[in-house]
Amino acid sequence: MCGIAGVMGTDISKKLYDMLISLKHRGPDGTGVFVDGVTSYGNLNNLEISEGSFGLGHNLLSIVGCEPDSQPIVYDNYVLVCNGEIYNFKELKNKFNIDFKTDSDCEIIISLIKIFYEGSLYDAVIKTIEQLDGDYAFAVYDGRNFAAARDPVGVKPLYFGENDEKIFAFASEKKALWKIGITDVKTLPPDSMLYNKELVKINNKLNENVNIQNLGSQSNLSKETLRKQLKELLITSVKKRVSGLSEVGILFSGGIDSTIIAKITNDLGIKTRLYSVGHKDSADLKFARKTAEEMNLSLKTKVIDVEDVREYVIPVLDAVEEFNIMKIGVGMPAYIAAEMAHEDNLKVILSGQGADELFGGYNRYLKFYEEKGERAQEDLKNDILNLYHVNLQRDDAVTMANSIELRVPYLDPDIINIAMNIPMKYKINRGDTLRKCILREIGAELGVPEEIVKRPKKAAQYGSGIHKILVKKVLKEESFRDIEKRFNKYSI
C-alpha cells in the first residue's frame with residue numbers, strides 16, 4: 001500500500017526527501033514525514049521537511065479509505081510508518097477496546113505497542129507482532145529507540161544499510177538507499193528485527209507454527225477432512241484480501257493456482273479482472289483465454305514479441321534491483337500485468353505465489369518425495385521460509401513499480417500451517433506428473449474447468465515464452481551485452 005523510509009545521522013532533511021522521491025511510485029497519493037518531533041503531510045514536491053537527526057517518511061497508495069495524512073501515525077511519544085495490510089485489525093480493536101484516531105488499519109500496530117509498552121520498545125514490538133495477522137513492514141520510534149520489522153512470511157520488503165558518513169537508513173526498496181550513497185544494502189529477514197541499527201533475531205511465528213515433525217497435529221485427519229479445511233481456509237484468505245474492494249485484478253496464467261483464486265473472488269461477488277501476458281503461441285495465453293471464456297470473466301492480455309521484451313528489460317531490471325536473468329524473466333509478465341491493471345485504475349492484484357512450494361508443484365519435489373518420503377516436507381518448508389528473497393521481493397517490486405499492491409492468498413499463515421501438515425502422499429502421487437493433487441481436487445470442487453485442473457505446471461518465464469526470447473535473443477544483442485556492468489554501476 002505504500003513506501004516507507006527512515007534515516008539517522010546529521011542533516012537528514014535532503015536525504016529523506018531524496019529517498020521518498022525514489023519511492024514515489026509506491027505511493028503517489030500523498031506523503032507524510034516525521035523529523036525530530038515535527039510532522040508534515042502533503043504533496044511531496046511541495047512538502048517542507050525540517051532539519052534534524054532522525055526522520056521517518058511514508059508515501060501513500062490509497063486503497064480503502066486512507067487519507068493522505070494517515071501516516072506517519074503519532075501517538076504521544078510514539079511514531080509509526082507501515083507498509084502493509086493488517087487483516088485482523090477490527091478483531092484486535094474489539095479485543096483491546098481501542099478507539100482509532102485515523103482511518104488506517106495500521107494504527108492497530110502503534111495502539112498495541114502503546115498497550116504493551118512497559119519500558120522496553122523491543123518487548124512491546126515482539127508482543128505486538130504476536131497479535132498481528134497481515135502482510136507488513138513497519139518502523140516505530142518512541143523518542144529514544146526505534147524498531148523495524150516485517151511479517152513472518154516476508155511478503156512486504158525492507159532493506160537497510162549505513163554509509164561511510166555514518167548515515168543509517170532503511171526503506172522499502174534498495175534504490176532509496178543507493179540514492180543517498182549507501183551501497184552495502186542488506187535485507188531485513190522476516191525472523192529478525194532492526195533495533196537501534198542492530199539486527200537481532202526474533203522468534204518467527206511462521207517457523208514456530210509450522211511443525212512438520214510427525215506431520216504435526218493434522219496427521220491423523222482424513223484426506224477429505226484436510227481438503228475441506230483447506231478449501232475453507234482458502235476462501236477465508238481470499239475474503240481477507242479483497243475486503244472493502246469492489247473489484248480486483250488477478251495475475252492470471254490459466255493455471256490451477258490463479259484460476260482457483262479467480263473462481264473464489266468471482267463467487268464472492270467481487271468484479272474480477274484477469275491479466276495475462278505471453279508470446280503469441282504461449283501456453284499461458286492459450287489457457288487463459290479459454291478459461292476466461294468458460295468462466296465468463298474479463299480478461300486483458302498483452303501479446304509480446306522480441307521488441308516488447310527489449311523494451312521492458314530496463315524497467316523490470318530497475319524494479320527488481322538485481323541482475324538476475326531468472327528474476328527478470330519471471331518478473332516481466334507480472335510487471336506488464338500490473339501495468340495493465342494500473343491502466344484500468346485498479347489498486348490491488350492477487351497472485352498464486354506460494355502454492356507450488358506449499359503443495360509440491362515443482363518437478364524437483366517429486367524427486368525429493370521419491371528419495372525421502374514424508375521427510376520431503378522439510379524441503380517444502382525451507383522453500384517457504386526462503387520465499388521472501390527468492391520470489392516475494394521480486395513480485396512486490398514489479399507490481400509496486402506500477403503503483404499496484406500485490407496480495408498473496410496462498411501465503412496466509414493458516415494456509416501455510418495446514419499445508420505443511422498435509423501428508424506428501426496427498427500432494428504428490430508417485431509417478432504423477434501433475435502434482436499438487438489435493439489443490440487440484442479443491443479446484444474441481446469449486447468448479448474450475450477440468451482442463452485447468454489437469455493442466456501440467458509451467459513456470460511463469462516458460463509459460464509466457466519470455467525467458468526464451470530474453471536469453472536466446474535480447475540479451476545476446478550488442479546493446480545488451482554489457483547490461484550487467486551498466487546496472488551494477490547504476491545501482492550504486
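User: What is the strand order of the open sheet of six strands, and what kind of pairing does it have?

Analyst: The order is β5-β6-β7-β8-β12-β13, and the pairing is antiparallel. Two strands count as a pair if DSSP finds at least two bridges between them. This is a predicted model, in which local features need pLDDT of at least 70, side-chain atom pairs count only at pLDDT 80 or more, and totals for chains, interfaces and linings use all residues. Residues are numbered from 1 along each chain as its sequence is written, and side-chain values use heavy atoms, with hydrogens and water left out.

User: What makes β6 and β7 a pair?

Analyst: Strand β6 (residues 78–86) and strand β7 (residues 134–141) are joined by eight bridges, while the rule asks for at least two. They therefore pair, in the antiparallel sense. Across this pair, E85 faces D135 in β7.

User: How many bridges join β8 to β12, and how many join β12 to β13?

Analyst: β8 (residues 146–150) and β12 have two bridges, whereas β12 and β13 have four. Both pairings are antiparallel. Y195 of β12 takes part in both: its bridge partner is A147, and it also stands opposite E198 in β13. β12 and β13 form a hairpin with two residues between them, and N196 in the turn has a positive phi of about 50 degrees.

User: Why are both faces of β12 called covered?

Analyst: In strand β12 (residues 192–195), S192 and L194 on one side and M193 and Y195 on the other are all buried. Buried is under 20% relative accessible area, exposed is over 50%, and partly exposed is in between (1.4 Å probe, protein chains only). Over the whole chain, 60% of the 492 residues count as buried.

User: What makes D36 partly exposed?

Analyst: D36 has 41% relative accessibility, between the 20% and 50% limits, so it counts as partly exposed. D36 is in the loop between β2 (31–35) and β3. Leaving out residues up to four places away in sequence, D36 touches G52, S53 and F54; contact means heavy atoms within 4.5 Å.

User: Why is helix α3 described as largely enclosed?

Analyst: Eight of the 10 residues of α3 (residues 107–116) are buried, so the rest of the structure largely encloses this helix. Among the buried residues are E107, I108 and F116. The buried residues pack against β5, β6, α2 (89–96), α4 (121–131) and β7.

User: Which residues touch the most other members of the largest nonpolar core?

Analyst: They are M19, L230, M332, L358, F359 and Y410, in a core of 115 residues. A nonpolar core is a set of buried Ala, Val, Leu, Ile, Met, Phe, Trp, Tyr and Cys residues joined through side-chain atoms within 4.5 Å. Helix α11 (residues 325–343) gives the largest share, nine residues.

User: Why is the chain called as compact as a globular protein of its length?

Analyst: The chain has 22 helices and 18 strands. Its radius of gyration is 22 Å, close to the 23 Å from the globule rule for 492 residues, so the chain is as compact as a globular protein of that length. That radius is taken over C-alpha atoms, and the rule is 2.2 Å times the number of residues to the power 0.38.
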